[in-house]
Amino acid sequence: MNKITEFETVYLEEEKGALAIVDQTKLPNKIEMLYLTTAKEIWDAIYLLKVRGAPAIGVAAAIGIYVLVKDEPTDNMDVFAEKFQELKQYLSTSRPTAVNLFWALDRMENVVKENHAHTVLEVKELLHEEALKIREEDIKVCRKLGEYGLTLVKKGDGLLTHCNAGRLAAVKYGTATAPMYIGQEQGYGFHIYVDETRPLLQGARLTAFELDTAGLDVTLICDNMSGMVMKKGLIQAVFVGCDRVASNGDTANKIGTSVVAAVAKHYNVPFYVCAPTSTIDMSLASGCEIPIEERSGEEITEMWYEKRMAPKGVKVFNPCFDVTDHELITAIVTEYGIARPPYDVSLKKIFEMKKNNL
């Protein structure tokens, strides 16, 4: 039987000339690879959560836009740049909250802008190189997140995570799960508790699936059980990922994350956000400025049931994310180190380190 750990979440399939992804909407019951070659296929894959998780979305966007322009027939650089811009604008409408989508597309666009004097063929090859570079960087960044995150816990700890910030949300290791995977490599013997994460069940379908497949000690709980497991002393730290972090440390992540943070604060359990610097948006003063995606009410009323589970006609509010106030966050783990309050100061230092490649 194939294991999900044997599959690459997102990559460039060179022979097919396609963006290759694991279709996460089919997990855990079926592992299916998709090979995407059209703008509509790639847009749909991102919007419909076939590929999801901030790092994976960024990688998919970079590879995806390369796939879309690599066979563009023109030799005219102005025409090529215009087509690139058109595709970039289209893909950027697929998800509003995850900043990695825009970050990756901007990086690819900079390749076009900075090499406008080159031939179209040369720019295509540079875009190819940049897309692969973004993917490889994700592996290295997540590894560093895991190494820094591991310094915050000890062997045998109970760790809680919400949603899926695992290898399925990235290329390898994940963000919030990186300390867990690296801890497993070093014999830490963690006990992992996974919130099911309503309404799309990314914790139950994805996190519990991948961690269990990888051989970690995993226990699945309902979202509203986090208080009980903390009160019983089963949780020594919470690790979550994020889709966007404001300059003051406010963090947007899957809906329900702010509840976990508030409960952790009450029970004096450290709450850590694992955030690649690509997800930190220093242009935003606070989380109030982060756009929050709202999705169809059907995801709550009927998507996961054989029969509709809510009365027809009832109003449904279905925000995809919420914002966790920086005051509830113990620390933010980045690939350049661990930021602590006050975040408006510590995050600036993180970006200074990044600028200087320290």
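## About the model

Because the model is predicted, local features need pLDDT of at least 70 and side-chain atom pairs count only at pLDDT 80 or more, while totals for chains, interfaces and linings use all residues. Residues are numbered from 1 along each chain as its sequence is written, and side-chain values use heavy atoms, with hydrogens and water left out.

## Salt bridges between helices

Let's begin with the charged pairs. The whole structure holds 22 salt bridges (a side-chain nitrogen of Lys or Arg within 4 Å of a carboxyl oxygen of Asp or Glu). One of them pairs Lys-88 with Glu-109, at 2.6 Å from N to O. Lys-88 sits in helix α3 (residues 77-91) and Glu-109 in helix α4 (residues 99-114), so this pair ties together parts that are 21 residues apart in sequence. Helices here are DSSP runs of H or I with at least four residues, and strands are runs of E with at least two, numbered from the N terminus. Both Lys-88 and Glu-109 are buried (buried is under 20% relative accessible area, exposed over 50%, partly exposed in between, with a 1.4 Å probe and protein chains only).

Helix α4 also carries Arg-107, whose partner Glu-137 lies in helix α5 (residues 120-150), so here the parts tied together are 30 residues apart in sequence. Arg-107 is buried at 17% relative accessible area, whereas Glu-137 is partly exposed at 26%.

## A charged network

Glu-32 is partly exposed at 21% relative accessibility, and so is Lys-30, at 46%.

## Surface patches

Patches are built from residues with over 30% relative accessible area and no salt bridge, joining like charges within 9 Å and nonpolar side chains (Val, Leu, Ile, Met, Phe, Trp, Tyr) within 5 Å. Glu-14, Glu-15, Glu-125 and Glu-129 make up a negative patch. Of these, Glu-14 is in the loop between β1 (10-13) and β2 (18-22) and is partly exposed at 47%.

A nonpolar patch brings together Met-303, Trp-304, Tyr-305 and Met-309, with about 400 Å² of accessible area together (Shrake-Rupley method, 1.4 Å probe). Trp-304 is in the loop between α10 (298-301) and β12 (321-324).

## A buried threonine

Thr-9 lies in the segment before β1 and is buried at 2% relative accessibility. A polar atom of the Thr-9 side chain is 3.4 Å from the backbone oxygen of Ala-170.

How values were computed. Lys, Arg positive; Asp, Glu negative; His and termini not counted. Charge placed at Lys NZ, Arg CZ, Asp CG, Glu CD. Polar contact = N/O pair within 3.5 Å; in protein donor to acceptor, adjacent residues only side chain to side chain.
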